[in-house]
Structure formats: structure tokens, C-alpha cells
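Please open the model in a viewer and keep the selection tool at hand.

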Amino acid sequence: MTTLVWRGGEEGAFERFEVPRQASQTVLDVVVWIQRNADATLAYRYACRVGMCGSCAMMVNGRPRWTCRTHVDKVGEGGLEIAPLRNLPVIRDLAVDMAPFFEKWQAADGVFAPTKTRDEPVAPVQPAGAARLAAAAGIECINCAVCHAACDVVAANADYLGPAALNRAWTLQNDVRDGARSARLAAVTQDGGCQNCHAQQGCTAHCPNELNPTASIAGLKRMAVRKSLGLGG
Amino acid sequence: MEFRLYLLQRLTALVMAPLVIGHIAVMIYAVQGGLSAAEILGRTQGSLFWGAFYGLFVLAAAIHAAIGLRTIVQEWLRLEGAALHALTCLVLFGLLALGGRAVYAVVAA
């Protein structure tokens, strides 16, 4: 199977490899095969191989995907083109610098702010409560940056916090134990905040865990508008 | 500031929605039995109501469009800072002037 793999940094070119086709082969299997059998200098990143760690995302035939759970027979019978994730600086080959991605999580106040100490009893959270259900819908994010790579607003506006950071902020805004919701609402409505989302849903279409960051961002917009107009919430 | 613009754009959309419906409804009513400038001007000239109706419409549309174009220019042309601000103001005041002139033309007796 003909596989084109990005080599170099921001400036670089695709290099062609012939990779033996195997049953149940994933895109990550292809990359690993190239590094072990064709060119040991290929730079890329992975850890768990089972879709939990969020480190192996790459552009596969132009779309961001978690490569460890992407079967070749679903995407690349005509050949593969594997490139580093879009919207992030390329370090080398298939490895991107994730720092800007996580800096945006911090800028969006994507950190739980506890209101109790370990000496107090565990806070009761109603499993069927509206806030808990909203948080649950967005909480299984593995930080793979596939949504960040899929987002055209991120591509167009360097300041935009992006779907992952805003989705994280939304889950915390719905955490009854959190004590920083007002500050976080200010953080997600700063320039580059949730108001920049055009609801194109590239994030939702590509999220490997089938989350809906667009809905989370819409929730933040609603929350912020209600607060701005003095409608509570 | 960006979020305030976002909010203002939504609020002007809320203002425009009934105005658009009213405008179209009157248009449909007005063209029954033929359309003439005299009939239109007969309704609008000297009318405080239609002056306020279309004056508000122009104001809302100018604000709404200026903010929307600002976003598009920011994303597509990567314009920012003073240049982006200047362009937004140019669109805003340009639309206000053009729209204001049109309202004046049909309302002034």
C-alpha cells in the first residue's frame, strides 16, 4: 500500500513508503511499521494504542483522526497520506507542539476550582441533575486535539480558544462543586472566546469520542448572554 | 469588547426580525392593485411612524452588518487592531449615511 508521510517541520515534503497491507491494520500500525522497517528516524507520538491517551492524532487523508483506532480499510484503500495535525506548530515529521493547545485550556480557565477541602465530606452530585447531565455529555474528552485541528475558526483566528478548551470550560461550568464559574465565564468571553464559534461543527464531526463541542460552546454562549443581560444563570 | 460586539449583533438581529416581517407584509399589501411611487410616498411622507420604523431598521442593519463584516475581514484578511476598527467604523457610518439618506428621501414632506 502506497503511503505518503510528511517529513520535516513546517517546511517539508511528503515521502513515499510502500507498506504491506494486513488485516485489521490501523493507521498507527502503518506509521509504526515505517519507523521499524523503513526509516527509524521518523518522528511521531503515541502511547496507549487503545484510544485513551489522546497522543496519536494525525491528519489522515486530509482529516484529523486518532490513528490508533482508525482502521486502514475505513479510510485508505486507495492509499494513505499522513501528515501532522493541522493548526499546531510542527516539531518534526508527524509530531506537533501541543503547548499552544494546552495554553488555551489554561486561558479558558479549564481547571477545577475546589470549594471544599479533603477533610470535608464528599459533595453530593445528583446523577440525573441537568447540570450533571450537561457535564457528562462533554466530559469524556481525551485531549487529542482532533477538534482543534478540524476547526476552521482556529485556523483563521490565532487567538480563538478552540473547541477542546471551551468544551472543558463548559463541563466545569456545570460542576456544582466548582467555585470559579464567574471568573471562568469571563475567561471564555475574552477576545478569542466562545463568541468566535460559527457552529460549523467540524469539531463535532471529527471528535473520536463523539462528543459535541459545538453544543458545549453554544451552552457557554447562552450562559454568557444570559449573564450579560441580567437574566441570571 | 469582542463579546459585547457579539451580543450587540444578536440584539440587532432581534430588533430586525419583526421589522423584516413588517416590511415584507407591507410590501405584499402595497403591491396589490399595482405599485406606484405616489402610493408609497403617500404613505411614508410626513409619517413619524414610518420614519421611526425605517430609521430603526437602518440603525439595526448598519450595526449588525458592520459587526458581521468585521468578523469576516478579521478571519479572511487577518486584519486587526486600528485597521480593523477603522474598517468597521467605515462600514457602520457608510451604511448609516446611505440608509439615513434613503429614509429621509421617502419620509421628508
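How much space lies in the largest cavity? The largest cavity of this predicted model holds about 120 Å³. It belongs to a set of three cavities of 30 Å³ or more, found by a search of the whole structure.

**First stop: the largest cavity**

Select A:Cys141, A:Cys144, A:Cys147, A:Cys207 and A:Leu211, which are the closest to the centre of the largest cavity among the 16 residues that line it. Next, colour α5 (146-150) and α7 (163-173) of chain A, the elements that give two or more residues to this lining. The most comes from α7(A), with three residues. By residue class, the lining of the largest cavity comprises twelve nonpolar residues, three polar and one charged.

Now display both chains and select the residues in contact: ten of chain B and 17 of chain A. The area buried between the two chains is about 1,100 Å², and carbon and sulfur atoms give 57% of it. On the side of chain B, select B:Glu2, B:Phe3 and B:Glu75, which lose the most area to chain A and together account for 52% of what that side buries.

Which elements of chain B give two or more residues to the side that touches chain A? They are α1 (2-30) and α3 (48-77) of chain B. The largest share, five residues, comes from α1(B). The residues of this side comprise five nonpolar, two polar and three charged.

To finish, turn to the polar groups at the interface. How many salt bridges does the rule find between chain B and chain A? The number is zero. Polar contacts, by contrast, are present between chain B and chain A: seven residue pairs are counted, with both residues at pLDDT 80 or more.

Technical notes: Residues are numbered from 1 along each chain as its sequence is written. Chains are lettered from A and ligands numbered from 1 in the order in which they are written. This is a predicted model: local features need pLDDT of at least 70, side-chain atom pairs count only at pLDDT 80 or more; totals for chains, interfaces and linings use all residues. Side-chain values use heavy atoms; hydrogens and water are left out. Contact means heavy atoms within 4.5 Å. Buried area is the accessible area (1.4 Å probe) that two parts lose on being put together, summed over both. A salt bridge is a side-chain nitrogen of Lys or Arg within 4 Å of a carboxyl oxygen of Asp or Glu. A polar contact is a pair of N or O atoms within 3.5 Å; within protein, one must be able to donate a hydrogen and the other to accept it, and residues adjacent in sequence count only if both atoms are side-chain atoms. Helices (H or I, at least four residues) and strands (E, at least two) are DSSP runs, numbered from the N terminus. Ala, Val, Leu, Ile, Met, Phe, Trp, Tyr, Cys and Pro count as nonpolar, Asp, Glu, Lys and Arg as charged, and the others, Gly among them, as polar. On a 1 Å grid over the protein atoms alone, a cavity is a set of points where a 1.4 Å probe fits but cannot get out, and a pocket is an open set with protein on both sides within 12 Å along at least five of seven lines; lining residues have an atom within 4 Å of a point. Grid points are joined across faces, edges and corners, and a volume is the space filled by probe spheres set on the points.
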